[in-house]
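Please keep the sequence and the coordinates at hand while reading.

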Amino acid sequence: CTPVGCPTNSSGTNVVAGCRCNAGYSGSVSTTQVSPFFTSSCAPVRCPGNSSGASLAESCTCNAGFNGTIIATTVSPNFFTGVCSVVGCPVNTTGVNIFGGCQCGAGFNGSVWATSVSPFVNQS
């Protein structure tokens, strides 16, 4: 008899020695006596707030107007580290942040809007 390998979306030596869901997946793997000789509930975790993407397992990016990095992990309960923080108003503007409304400062003309490319705001 030989041990069964770890199922898709998990890693480890084999099912008997223990398999763990890959980074960005939640769930568990356990042995059974019936083919395929394991049960797996490893499922991709959704991207956190202020970010977008298919799932943590496939990569999440901060939404326009937010700055940060999201990195998938195997650590419960979130299965990621990082944060997407709202970007403040750029130089020569007034306001709290891009979503609270940035206005051109005195003596300046134009508009300000959120982007998904550094510096995450644009102005004209």
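## Basis of the values

This is a predicted model, in which local features need pLDDT of at least 70 and side-chain atom pairs count only at pLDDT 80 or more, whereas totals for chains, interfaces and linings use all residues. Residues are numbered from 1 along each chain as its sequence is written, and side-chain values use heavy atoms, with hydrogens and water left out.

## Disulfide pattern and geometry

The structure contains five disulfides, a disulfide being a pair of cysteine sulfur atoms within 2.5 Å.

Cys47 lies in the loop between strand S6 (43-44) and strand S7 (51-52), and Cys60 in the loop between S7 and strand S8 (61-62), so the pair ties together parts that are 13 residues apart in sequence; strands here are DSSP runs (E, at least two residues), numbered from the N terminus. Both Cys47 and Cys60 are buried, where buried means under 20% relative accessible area, exposed over 50% and partly exposed in between (1.4 Å probe, protein chains only).

Another disulfide joins Cys62 to Cys84, again with S to S 2.1 Å. This pair links distant parts of the chain, with Cys62 in strand S8 and Cys84 in strand S10 (residues 80-86), 22 residues apart. The torsion about the S-S bond of Cys62 and Cys84 is about -85°, so this disulfide is left-handed. Cys62 is buried at a relative accessible area of 12%, and Cys84 is buried at 6%.

A disulfide also joins Cys89 to Cys102 (S to S 2.1 Å). Cys89 lies in the loop between S10 and strand S11 (93-94) and Cys102 in the loop between S11 and strand S12 (103-104), so the pair ties together parts that are 13 residues apart in sequence. The link of Cys89 and Cys102 is left-handed, with -90° about the S-S bond, and Cys102 counts as buried at 8% relative accessibility.

## Nonpolar cores

In soluble globular proteins, nonpolar side chains tend to be buried together. A nonpolar core is taken here as a set of buried Ala, Val, Leu, Ile, Met, Phe, Trp, Tyr and Cys residues joined through side-chain atoms within 4.5 Å. The largest has nine residues: Val45, Cys47, Leu56, Cys60, Cys62, Phe66, Ile70, Phe79 and Cys84. A second, separate core of seven residues includes Cys19, Cys21, Tyr25 and Val29.

Leaving aside neighbours within four places in sequence, Phe66 is in contact with Asn50, Cys84, Ser85, Val86, Val87, Phe99 and Phe120, contact meaning heavy atoms within 4.5 Å.

## Asn97 in its loop

Asn97 is placed in the loop between S11 and S12 and counts as buried at 17% relative accessibility. A polar atom of the Asn97 side chain lies 2.7 Å from the backbone nitrogen of Gly100. Apart from neighbours within four places in sequence, Asn97 is in contact with Val86, Val87, Gly88, Cys89 and Cys102.

Definitions and conventions
Helix = DSSP H or I, 4+ residues; strand = E, 2+ residues; numbered from the N terminus. Polar contact = N/O pair within 3.5 Å; in protein donor to acceptor, adjacent residues only side chain to side chain.
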